[in-house]
Amino acid sequence: MSDFIKHPVVSLPDRAPEPVFSKKELVFTEAEKEQIETFRAQYPTPESAVMKTLWLAQEKFGFLPPEVIRLAADTLGIPFSLAYGVATFYTQYYKAQQGKYVLDVCTCFSCQLCGGYDMVRYLEEKLDIREGETTEDGLFTIQGVECLGACGTAPMLQVTNGPYVHNLSREKLDALIDALKAGKKPPFVSVTLPQDEDDLGGNRRSDAEATEVGQTPPAAETFE
Amino acid sequence: MEMALFGDNGSGKTDAWRSYERVLLPPVRDLHRFDTYVGHGGYEALRAVLTREEWTPGKVIEATKASGLRGRGGAGFPTGLKWSFMPPVEPGKPRYIACNGDESEPGTFKDRQLMEYNPHLVFEGILIAAWAMQIDATYLYVRGEYADWIRHMESELAMLYDKGYAGKRILGTDFSSDIVIHKGAGAYICGEETSLLESVEGKRAYPRIKPPFPAQKGLWGCPTTVNNVETLACAPLIINRGAEWFAGVGAEKHPGPVLYGISGHVERPGVYEYPTGMLITDLIEKVAGGVRGGKKLKAIVPGGASVPVLRADMIEGVTMDAESLREAGSMMGTAGMLVMDEDTDMVKFLRRVTRFYHHESCGQCTPCREGTGWIENLVTRIDEGQGTLRDLDILLELCDQMEGRTVCALADAAAWPVRNTIQRFREEFEAKCRQSIYAVA
Amino acid sequence: MPKITIDNKAYAFEGQPKLLQFCLDHGVELPHFCYHPALSVPANCRQCLVEVGMPVRDRETGEIARNDDGEPIIRWGPKMTTSCSVDMADGMAVRTHRSSELVEQAQKDNLEFLLINHPLDCPICDQAGHCPLQNQTYKYGPEGSRFEFRKVQKPKKVVLGPRVMLDGERCINCTRCTRFTDEVSKSHQLTIIERGVKNYPMTPPGEVFDDPYSMNVIDICPVGALTSIDFRFRARIWEMSSAPSITVTNARGANCSYWVRDNLVLRITPRANPHINDYWLPDEDRATYPRFNEQRPDGPRIRGDEGLQPADWETAYARASELLGAADGSNILFLGSPYATVEDNYLLCKLAAALGASPPAYIPHIEPGAGDGWLITDDKTPNAEGCRRLGVHPVDPALVRARLEAGEIAALYALEDDPVASGLFQREEIQDIPVVLHTYHTTNETLAAADVALPAAMVVETVGSYVSEDGHAQRVWPAKAIRGVNRTLRMEMGVSRLDSHGTPFDRWHNAANQVHCKPSWEMLPNIARGLGLEWADASPKEIMREIAQHIGAFEGATYENMGSSGVRLTEIGTLA
C-alpha cells in the first residue's frame with residue numbers, strides 16, 4: 001500500500017484498453033460454466049454470484065482485465081458496470097497483472113509493532129523493487145496490506161491470496177523466496193494453539209501439512 | 001466442567017481460570033473432522049432441538065436469552081434478544097442468517113481458529129440458530145484472505161450435506177436449511193453487518209441505513225439475522241449444557257467462554273479460550289507469558305483496533321467483560337488484545353491505525369470518506385515533526401465531526417482510537433509537535 | 001390526523017411521508033445533496049441531519065407523559081438522523097438548524113468535509129450560480145477551511161459519452177447519477193468505482209455513456225461534476241432567462257425550460273411534471289435547440305419575376321388573400337400541421353370551412369420503432385393528437401395524388417411543415433400547383449415552389465397549445481422575442497421568462513437575434529379579412545376558450561385549466 005496521502009492522485013483507468021486476452025482465450029470451459037451455474041443456484045439473484053465468479057475468473061486468468069470482468073458479467077447475465085464496480089471495490093481482485101507471487105505483507109496494528117515494516121523493507125531490498133511494484137522477471141510483487149487476521153504469529157504475509165506464512169524473519173523470507181523461485185508454494189501451516197501445546201503436546205490436526213507455534217515477536221526496527 | 005466457573009462472584013479475579021476446561025476448542029485431536037466431531041457428541045444439540053418436542057424454536061430463543069450470550073463480533077448485543085426481533089414466519093418469504101466470519105478487525109484472529117479446529121461447532125451453531133428462527137438459508141461470510149480455511153470448511157460442509165445434517169430434511173426431520181459459504185475479497189467494511197449483506201448480494205459493500213434493521217429487511221429484502229461465527233458456536237453449548245451453565249461461566253452480565261486473541265509484545269501470543277471476565281493483567285502476565293523480554297507494559301487495546309486504548313496504569317483490576325471495560329474507559333470489542341511495551345511510539349501506532357481506516361472507509365458517506373483522510377494527514381504531519389498543538393485540537397474536533405454522523409460505525413471506530421490515544425498519551429503527541437504554529441517548517 | 005412538530009411548530013400529515021420531503025413540501029428548507037424525490041434514499045451525503053425525538057409514554061397507561069405546561073415530554077434520539085430517511089410518526093418532534101445548535105454545527109461540519117477535496121473553481125464551473133453545494137455552503141457552511149493538505153486529484157475532463165463530461169474532483173459521491181442509470185433509465189452504464197476517498201462515477205472500460213437519457217445526470221448532479229459537452233462554457237447561468245414550455249421533438253409533451261440569452265436558445269432542460277415526464281427529458285429533446293436559432297427566415301416574401309422577393313407583411317397578406325380568393329374553394333388543399341399549435345390548426349380549419357374547402361389534413365411524421373414506451377415516441381411531432389381532436393386527420397397521399405393528376409388542386413395552403421421534404425409532393429410536382437402559400441419555420445424544400453412565403457413563429461416564440469399522444473393538453477409561453485412584436489406576445493414575454501438572477505446580460509429586446517416572423521394565429525385572421533371574412537384579431541387564449549367551448553374533444557382545455565402542468569383531456573371515442 002503506497003503512501004496515498006503523500007501523493008493523492010487517482011488515475012483514470014484506460015477507458016478503451018487493448019484486450020489482454022484474445023477472443024479465443026476469453027471463454028469459460030464447460031466445467032467452469034457449470035461451476036458458475038452452481039454459484040448462481042446458491043443465491044436468489046444472479047448478481048449475488050458475481051464475487052464467486054470473479055474469483056473463479058481471477059484464478060483462471062491470473063487477474064481481471066476489463067474483458068475478463070465483462071466475461072464474468074455476461075456469463076451471469078448481469079450489467080458489466082455492476083461487476084466492474086464490485087471488482088474495483090475489493091482489494092483482492094487484481095485489476096492489473098501482478099507478479100507470479102504476490103507477497104502481501106501485513107503491516108497493520110500487531111504486525112506493525114512486531115516488525116511488519118522490517119519485513120517489507122527487507123523484501124524491497126532483496127528483490128530490488130518498491131512496495132506495489134513487480135520484479136522485472138515477473139515473479140514477485142510486494143504489497144503492504146491491512147490486517148490479515150493472524151496477529152498471533154506476527155509478522156506474517158500471504159502469498160497470492162493463498163497460503164499464510166507466519167512468524168516472519170529475514171531468514172524465513174530468504175527461504176521463502178528461494179522456495180518460490182524453485183516453484184514451491186508454501187504449504188498450509190496449522191498454527192498450534194498455545195493451550196493445545198499444553199493439553200495435547202502439539203497440534204491437534206493429524207492432517208496438518210505443517211505446523212508452527214506462535215513465537216515471541218521480534219522488536220520492530222522500523223514502524224513506517 | 002459442569003460447575004459454574006467464577007459463578008459465585010461473577011468475576012475472574014481468582015485463580016479459578018487455571019482449572020477451566022475448554023468447550024469452544026476442547027482438546028480433542030482432529031475435532032475438525034466430521035467423524036471425530038460426531039464421535040465426541042457433536043450434532044447432539046442439533047438432534048435435540050430438531051427432534052425433542054420441548055425444543056420449540058421459541059424455547060431455543062428463550063434459552064439463548066437466559067444464557068446471557070452476547071455477540072462476540074464486537075458490539076456485544078444480547079444474542080437471544082436479537083433472534084427474537086425476527087418477525088413471524090410468512091409464507092413465501094425466505095428468512096436468512098448472515099454469519100459474520102469476515103474477521104477484519106485488526107488484532108482479531110479468533111474466528112479463524114474455530115474454522116480451522118472446530119468448524120462443525122460453527123455449523124451446528126448455525127443450524128440450531130436456523131431452527132430457532134426458522135431460517136431457510138445461512139450465508140457464512142468468510143473474508144477472502146482466509147482462502148485456505150474456506151477450502152477446508154467447504155469440504156467439511158459437503159460432508160455435512162452428504163450425511164444429511166444440512167440442506168433438505170435435516171436428520172430426517174421436516175426441517176430444511178441450507179448453508180452457503182460466501183467468500184469475501186478484501187474489504188474491512190464487510191464486517192459491518194449491513195455492508196456484509198450488500199456484499200453477499202454481490203454489490204459494492206456500502207452499509208445500509210438503519211432502520212430498517214436486518215430483521216425487517218435484510219438479505220434481498222427478507223428477514224435476516226447477522227451473527228458472528230464465535231457467537232453461533234456458543235449455541236450448541238447452551239443446548240447441551242443448559243442456559244444456566246452458560247450464564248454461570250465468567251462475568252455475570254457478559255458470560256460464557258470466549259476466545260481471547262492476544263498479540264503484540266507478549267512472550268506467548270495466540271488464541272486462548274477462557275471465560276469472560278478474566279483480569280487483563282492475568283491474561284498478559286499469566287496466560288500470555290508477560291510482556292516480552294521483561295519490558296514494561298505501556299498500553300493495551302483490549303478488543304481490536306476500534307476500541308479505545310488503555311494505559312498500563314488504567315488496567316489494574318479491570319476484567320474482560322463489557323461492564324468492567326466500560327468503567328475503565330474502553331470496550332470488549334472482539335477480545336483481540338494488542339499489547340504494547342514501553343518502547344512503543346504511540347504516535348506511530350496511531351498513524352498506522354488512522355491509515356487503516358482511511359484505506360478501509362468505503363467512501364459512501366461524507367464524514368468518514370473525507371474525515372479519515374484528513375485525520376491521517378494530521379497524525380502523519382505530527383509524527384513527522386511538522387504538526388502543531390492546533391493540529392491536536394483539530395484532530396479532536398474532527399472526531400466529534402465524524403462520530404455518530406455516518407451511516408455505519410466505521411467513522412466512530414476511526415474516531416475513538418484517535419480521541420483516546422491523544423487524550424491518554426497527550427504528552428507524546430505534544431512532544432512531537434512544533435511549538436508554534438507560526439514556526440516555518 | 002397524525003401530527004408532527006418541527007421547530008416547535010405543529011404540522012398535520014397523512015400517509016407515511018419521509019421527513020425531508022415533508023419539510024421541503026412545507027417550506028421548511030433543509031440542506032441536502034443526495035436525496036432526490038424520484039430516486040432511492042441512500043442517506044450518504046449526511047447533510048440533512050436533524051434531531052428527532054418521540055414523546056415519552058407512560059409504561060402502564062400508554063398515555064403521553066407531559067410536563068407542567070402540559071407539553072409532551074420528548075425523548076430525543078441519541079444521535080442526529082438524516083431527515084431524508086426518517087419515516088414520520090405521530091407525535092414525532094424534530095429540531096432543525098433553526099432550533100438546534102447541534103444541527104447547525106453538524107451542517108457546517110459536513111460542508112467543511114465536503115469541501116476539503118472539492119476544487120475551488122466556482123469561477124469557471126458551469127454549475128456556479130445554480131450549484132446546491134455552492135448555495136448551501138454560502139448559507140450553512142463554515143467561513144473557511146482548516147484543511148492544509150493536498151487535495152485528492154481525480155480525473156478531469158473525462159468524456160463519459162457523446163454528451164456528458166465528468167470532472168471527478170468536483171464529485172461529492174452522492175450517487176444520484178448511478179442511481180439514475182440503475183433505477184430510472186436502467187441502462188446500468190455508470191457505476192462508482194474504487195473505494196473510499198478515491199470513489200468516483202465512471203463507465204466500465206470500453207463502455208460509452210450513450211444512454212438516450214444520459215443528460216439527466218447533468219441536471220441532477222448537485223455539483224459541477226457532470227456537465228454537458230455541448231453547453232459547457234457557453235453561458236453562465238445568470239446570463240440566461242428561462243421560460244416554461246414543452247419539447248416538440250416528439251408527441252410525449254415532456255415539460256421543459258428553454259434557456260435563452262439575447263434571443264438565442266442555448267439549452268433545453270427538463271421541467272418537473274408528475275403527469276408526464278417527472279423530472280426527466282430524453283437527450284434527443286435537448287439536442288434540438290439549434291433549430292430555433294439557425295436557418296430562420298427574415299420576413300415574408302412574395303414570388304415575383306426574379307423569384308421570392310422580400311415584402312412587408314401587409315403586402316404579403318394581401319397577395320395571399322388575392323391568390324386564395326382567385327381559386328375555387330373546393331380546389332384548395334389545406335394542409336394543417338402536427339408541428340403547429342391547436343390554435344393555429346383551428347384557425348386553418350375555420351378558413352377552409354369558410355372557403356368551402358375540405359377540412360385540412362396533416363402530414364404524419366412517424367418513425368416506427370423509434371419510441372421507447374417512455375418519453376420517446378414513434379411520432380416525431382408534438383401535436384398530432386391535437387390535430388386529430390380538431391378533425392384534422394393524416395393526409396391520404398393517394399387521394400392527393402389523384403386530385404393533383406386530375407388538376408383539382410388549384411391552390412395549396414401548407415401550414416408549418418415541409419410537404420416536399422416529407423415526400424407528399426415531388427419537387428417537380430409541386431411546381432404544377434398554380435398557387436402555393438406556405439407558412440414555415442426554417443428554410444425548407446417547399447419554399448422553392450411558394451408564391452407567398454410567410455415565416456411562422458416556433459414554439460419558443462409563440463403562445464399556444466399542444467396535445468400529447470396520450471391526450472394531455474398543455475400551453476407554452478414565449479421564451480424569446482420576435483421582430484414586429486405582437487401585443488399579446490409582448491404581454492406574455494414579461495410573465496413567461498424567469499429572470500431569477502435579475503440578469504442584465506440577457507436582453508429580449510435586443511433585435512440582433514430576433515427572427516422576423518409571426519405566429520400563424522396572427523397571420524391567418526389577416527388573410528381571412530383580405531378574403532372579405534369578418535375575423536377579429538383574437539389572442540390564443542381567446543381562441544382556445546372558443547375551441548374548448550365548441551369542440552367536445554377539448555372540453556375544459558382553457559388556459560386557466562391548463563396552468564403550467566396541463567390538463568388531461570377526456571378520451572374521445574369516435575370522432576366525426
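What follows is a short chat about a predicted model.

Colleague: What order do the strands take in the open sheet of chain B?

Modeller: Keep in mind that we're looking at a predicted model. The sheet in chain B is open, has four strands and pairs them in parallel. Neighbouring strands are turned against each other by 20° on average, ignoring direction. The order is 3-2-1-4.

Colleague: Which strands of chain B stand at the edges, each with a single partner strand?

Modeller: Look for strands with one side left without a neighbour in the sheet.

Colleague: At about what angle does helix 6 of chain B run to strand 1?

Modeller: Helix 6 of chain B, residues 119-133, lies across strand 1, strand 2 (137-142), strand 3 and strand 4. Helix 8 of chain B (residues 193-200) also touches strands 1, 2, 3 and 4, and its direction makes about 105° with that of strand 2. For helix 6 against strand 1, the angle is about 150°.

Colleague: On to the interface: how much area is buried between chain B and chain A?

Modeller: The contact takes 88 residues from chain B and 74 residues from chain A. On the chain B side, Tyr117(B), Arg352(B) and Arg355(B) lose the most area to chain A, together 12% of what that side buries. Carbon and sulfur atoms give 54% of the buried area, which comes to about 6500 Å².

Colleague: Which residue of chain B forms a salt bridge with Glu146(A)?

Modeller: Seven salt bridges turn up across the interface of chain B and chain A. In the one with Glu146(A), the closest N and O atoms are 3.0 Å apart, and the partner is Arg352(B).

Colleague: And which helix gives the most to the side of chain B that touches chain A?

Modeller: By class, that side has 39 nonpolar, 23 polar and 26 charged residues. The helix giving the most covers residues 346-360 and supplies ten residues: helix 14 of chain B.

Colleague: Last one: how many helices and strands does chain A have?

Modeller: Along its principal axes, the C-alpha trace of chain A spans about 55 × 45 × 35 Å. Along the sequence, the pattern is α-α-α-α-β-α-α-β-β-β-α-β-α-β. That gives chain A eight helices and six strands.

Notes
Residues numbered from 1 in each chain as written. Chains lettered and ligands numbered in written order. Predicted model: local features only at pLDDT ≥ 70, side-chain atom pairs only at ≥ 80, totals over all residues. Heavy atoms only, no water. Pairing = 2+ DSSP bridges. Helix = DSSP H or I, 4+ residues; strand = E, 2+ residues; numbered from the N terminus. Axes fitted to C-alpha atoms, helices over the stretch in contact; angles between N-to-C directions. Contact = heavy atoms within 4.5 Å. Buried area = accessible area lost by both parts, 1.4 Å probe. Salt bridge = Lys/Arg side-chain N within 4 Å of Asp/Glu carboxyl O. Nonpolar A, V, L, I, M, F, W, Y, C, P; charged D, E, K, R; others polar.
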